[in-house]
Amino acid sequence: MTADDTSTPDWEQSLDEEVGLDPGAEHLLDVRDLHVEFPTDYGVVNAVNGLSYTLDRGETLAILGESGSGKSVSALAVMGIIDKPGRIPKGEVYLQGVDLLQLPERQLRDIRGERIAMIFQDALTALNPVYSVGWQIAEMYRKHRGTDKKEAFAKAAELMDRVRIPSAKRRIDEYPHQFSGGMRQRVMIAMALALDPDVLIADEPTTALDVTVQAQVMRLLSDLQDETGMGMILITHDLGVVAEVCDNVNVMYAGRVMERAKIHDLYAEPAHPYTLGLMRSIPRADQKGRPLDPIRGQPPNLAAIPSGCEFHPRCNFAEDKCTVEEPPLYRVDEHRRSACHFWEEVLRVGQRQDH
Amino acid sequence: MSDSAKTTEPLLRVENLVKWFPITQGIVFQRHVGDVKAVDGVSFELYPGETLGLVGESGCGKSTVARTLLRLEQYTGGAAYYKGQDIFQLDPGEMRKLRRNIQIIFQDPYASLNPRMTVGDIVMEPWEIHSDVVLKSQRRERAKQLLDRVGLNPDYLNRYPHQFSGGQRQRIGVARALALNPEIIICDEPVSALDVSVQAQVINLLDELQDEFNLSYIFIAHDLSVVRHISDRVGVMYLGKIIEMGNDRDIYEHAVHPYTQALLSAVPLPDPTKRDKRDRILLEGDLPSPSDPPSGCNFRTRCWKAEDRCAEEEPDLIDRFDHGHPSACFFAEPRTAVL
C-alpha cells in the first residue's frame with residue numbers, strides 16, 4: 001500500500017461520526033419490513049412486500065428466488081438506488097444502527113462504496129464503455145477519498161492484481177470491451193471492494209459466466225470475504241451456487257420471504273412447499289434418473305398477487321385457509337422460519353422422501 | 001436405450017463437420033484476413049429414439065453445429081448424412097423436404113416467435129409450406145390438439161406471443177416443431193432462459209414427447225446437470241471440437257479428458273454437504289479466441305497436464321481405454337470423485 005495508508009481510518013471515522021454509524025450495533029445490516037412498489041399503467045406492481053433480514057460481519061446470506069421474486073429490487077432498495085417511479089412506501093434499512101432510507105442523498109452517496117457496495121450481473125452494461133477500467137476503479141478513490149490521479153491509478157492497479165487480473169499494470173488503460181466476461185466481472189468486483197466496504201451485495205455475479213469461470217469468480221469472492229470479513233449478500237436463482245458458498249438463505253417468492261434457514265437445514269429438509277418444489281425441480285449433475293417433479297403453473301403477476309398465501313395456486317399442500325389467510329413467518333426453530341400454515345406437514349414430507 | 005440402438009442404423013451421421021466464419025477488413029474491398037473456426041471437425045452419430053447431448057461453454061461451437069446441420073449457415077467442410085443422404089448436397093426442394101424431418105427449438109422464446117402472428121398462425125405456418133401434412137380444413141383442429149399436447153389451453157389459438165410467459169412461449173416453440181411430425185428435433189438451449197420451476201416442466205414435456213412420437217433429440221446446452229438428465233449420450237465440446245464422448249456414466253462418472261474433469265468439478269451442486277469435499281480443478285484463464293486457436297491440442301493453454309507434445313500434435317478423438325468411450329487427450333486418465 002502507499003503512504004496514504006494512515007489517512008484511511010480517519011476518513012472512515014469522520015464518515016461514521018457524520019452519519020452516526022455505530023460499529024457496535026447488533027447487526028451489520030438490519031432490513032425490516034421493506035416494501036417496494038412501481039406504479040404502472042396496469043396498476044401498482046408490488047415487487048417487494050415486507051422483506052426483513054439481518055446480516056452480520058463475515059456472514060454470507062443468500063437471497064434465493066426466481067425472476068420476479070423481488071430479490072434484485074430489494075437489493076436496489078437497500079442501496080437506495082431505486083429508479084423513479086419506483087418507491088419505498090414502508091420499511092427500514094439499518095446499516096450499523098442508522099436507517100439508510102432516512103438519510104439525505106449526499107450522505108448516502110458517501111456511504112455507498114465506502115460502507116456498502118454492489119456488483120451487478122451484467123458487467124458490460126454496469127461498466128462505462130468510454131472510460132478505461134483503470135480510470136473507473138481509480139474514480140472510487142478520487143471521488144470518495146480525494147486521492148490524486150497518479151496515486152489513485154497506482155491503487156487501481158494494485159486492486160486489479162488483488163482480484164487476480166493477469167498483467168494488471170498493462171491492462172489498466174484498456175476499456176471494458178477488451179476484457180472477457182470473467183475479467184470484466186473482476187473489474188466490477190475491484191470497484192466494489194476499492195473502499196473496503198462492510199457489506200457487499202452481489203446480484204447474480206456469475207449468472208452470465210461459463211461454469212469454469214463462475215467457479216473462479218466465486219472462489220475469488222469467498223477469498224476476499226475471508227480477507228476482509230465483510231458481510232456478503234448473494235442474490236441468485238441458482239441452488240447450486242447457494243449450496244457452495246452461503247451460510248444462511250432467504251427464499252423469496254412474489255416479494256416475500258417464504259423460508260429462512262441455515263444452509264444445511266434448507267437442503268436437508270425444506271419447511272416450505274416452494275422450497276421443496278424447487279429442490280425437486282432441479283436436475284443434478286451427480287445423479288441420473290431421478291424424475292423431475294416441477295412446480296405446476298407460472299409465477300404470479302406482481303400487479304395481481306394471489307390472495308392469502310402468494311404461493312397457494314401452485315401449491316400441493318394448499319387448503320381453503322391458504323386462499324384467505326396470509327401465513328406469517330412461523331417459527332420452526334431458533335434459526336428457521338417458514339411462511340406456510342402447514343410447515344410441519346411439509347417438513348415431514350421433506351424428511352421422508354429423498355428429494 | 002443407447003446400447004440396443006447401436007445395432008440399428010444411425011438416423012444422422014455427421015462427418016468432420018467444419019464451419020468457419022470469415023473475418024474481413026475494409027468496406028468496399030473486403031479482404032479476407034482470417035477465420036473464426038466455430039466448428040472445426042465434429043463427427044457424431046444420432047440413433048433413432050435417442051438423445052444426444054452436446055455440452056460446452058459459450059463459444060465452443062455447439063449452436064453452430066445445430067445451425068449448420070439445418071443449413072441455416074452455409075457449411076465450410078465435411079458431410080452430414082440423414083439416412084444416407086448428404087444434407088449439404090441437397091437442392092433447395094429436397095432440403096425443404098428434409099426440414100420436415102429435422103426441426104429445431106431455439107433458446108430464446110422471446111425472439112423465436114413472430115410477435116405479429118397469433119399462436120395459431122405460428123403453429124400452422126409449417127403447413128403452408130408442407131401442405132400435404134394436414135388438410136386445410138383440419139388445420140385449426142390439429143393446431144388445437146398440438147397446443148393441448150404441449151400443455152397449453154387450446155383456446156389460446158388467437159392470442160399473441162406477448163400474452164404468454166417464457167415457459168409457455170417455449171411450449172409454443174415445441175408445438176411448432178412438432179407440427180410436421182419430425183424424426184429429429186434439435187433443441188438449442190431450450191430451457192436456459194427459463195426459471196428452474198418452469199424449466200423442469202419443459203424438460204418433462206420433451207421427455208414425454210420423445211416416448212410418444214419416437215423422436216431423436218440433439219440437445220444442446222451449457223448446463224451439465226440438465227444435459228445429464230435428458231441425454232443418453234453426451235459429447236463435450238471445446239473450441240469447435242468434440243473432446244470426449246460417451247454415455248451418461250462414461251462422461252459423468254468416468255471422464256478421462258482433463259477439460260471434462262475440470263468442467264464437472266466446477267459445476268455447483270445443490271448439496272451443501274458436498275461443499276469443500278470435492279476435488280476442485282480450477283482452470284486458469286479464459287477460452288482462447290476461436291479465430292486463433294492454439295496449435296496442437298486446443299485445450300493445452302489451460303491444461304495442467306500439457307507437455308511439449310500437446311503443442312505439436314493434435315490428439316485424435318479415439319477410445320483410449322477400451323471402454324468404448326473416445327477422448328481427445330494424450331494424457332487422458334480416469335479421476336475419481338470430481339462430482
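Reply: Among the 203 residues of the largest nonpolar core, those that touch the most other members are I137(A), V187(A), A190(A), I233(A), V123(B), I218(B) and V236(B). A nonpolar core here is a set of buried Ala, Val, Leu, Ile, Met, Phe, Trp, Tyr and Cys residues joined through C-beta atoms within 7 Å. A residue counts as buried if 20 or more other C-beta atoms lie within 10 Å of its own, as exposed if 12 or fewer do, and as partly exposed in between, with C-beta atoms placed from the backbone. Helix α8 of chain A, residues 181–193, gives the most to this core, namely eight residues. Helices (H or I, at least four residues) and strands (E, at least two) are DSSP runs, numbered from the N terminus. Domain 1 (3–246) and domain 2 (252–354) of chain A both give residues to the core, so it lies between them. The domain bounds come from an automatic or database domain assignment. In soluble globular proteins, nonpolar side chains tend to be buried together.

The model is predicted: local features need pLDDT of at least 70 and side-chain atom pairs count only at pLDDT 80 or more, while totals for chains, interfaces and linings use all residues. Residues are numbered from 1 along each chain as its sequence is written, and chains are lettered from A and ligands numbered from 1 in the order in which they are written.

Leaving aside residues up to four places away in sequence, A190(A) touches I137(A), L159(A), M160(A) and V163(A). Two residues are in contact if their C-beta atoms, placed from the backbone, lie within 7 Å.

The two domains of chain A can be described by the same rule. Their C-alpha centres lie 29 Å apart, and 22 residues of domain 1 of chain A are in contact with 14 residues of domain 2 of chain A. On the side of domain 1 of chain A that touches domain 2 of chain A, β2 (43–55), β3 (60–64) and α10 of chain A each supply at least two residues. The most comes from β2(A), with nine residues.

The contact between the chains comes next. In it, 36 residues of chain A are in contact with 36 residues of chain B. The elements of chain A that give two or more residues to the side touching chain B are α9 (211–228), α10 (239–245), α11 (263–268) and α12 (273–281). Of these, α9(A) provides the largest share, seven residues.

Within chain B, helix α6 (residues 166–178) and helix α7 (residues 196–213) pack at an angle of about 15 degrees, with their axes 9 Å apart. Axes are lines fitted to C-alpha atoms, for helices over the stretch in contact, and angles run from 0 to 180 degrees between N-to-C directions. The helices α6(B) and α7(B) are therefore roughly parallel to each other; angles under 35 degrees count as roughly parallel, over 145 as roughly antiparallel, 65 to 115 as roughly perpendicular and the rest as oblique. The contact is made by G166(B), G167(B), Q170(B), R171(B), V174(B) and L178(B) of α6(B) together with V198(B), Q201(B), V202(B), L205(B) and L209(B) of α7(B).

The loop between α7 and β8 (216–221) of chain B holds N214(B). Phi of N214(B) is near 50 degrees, a positive value in a residue other than glycine, and N214(B) is exposed, with 10 other C-beta atoms within 10 Å.
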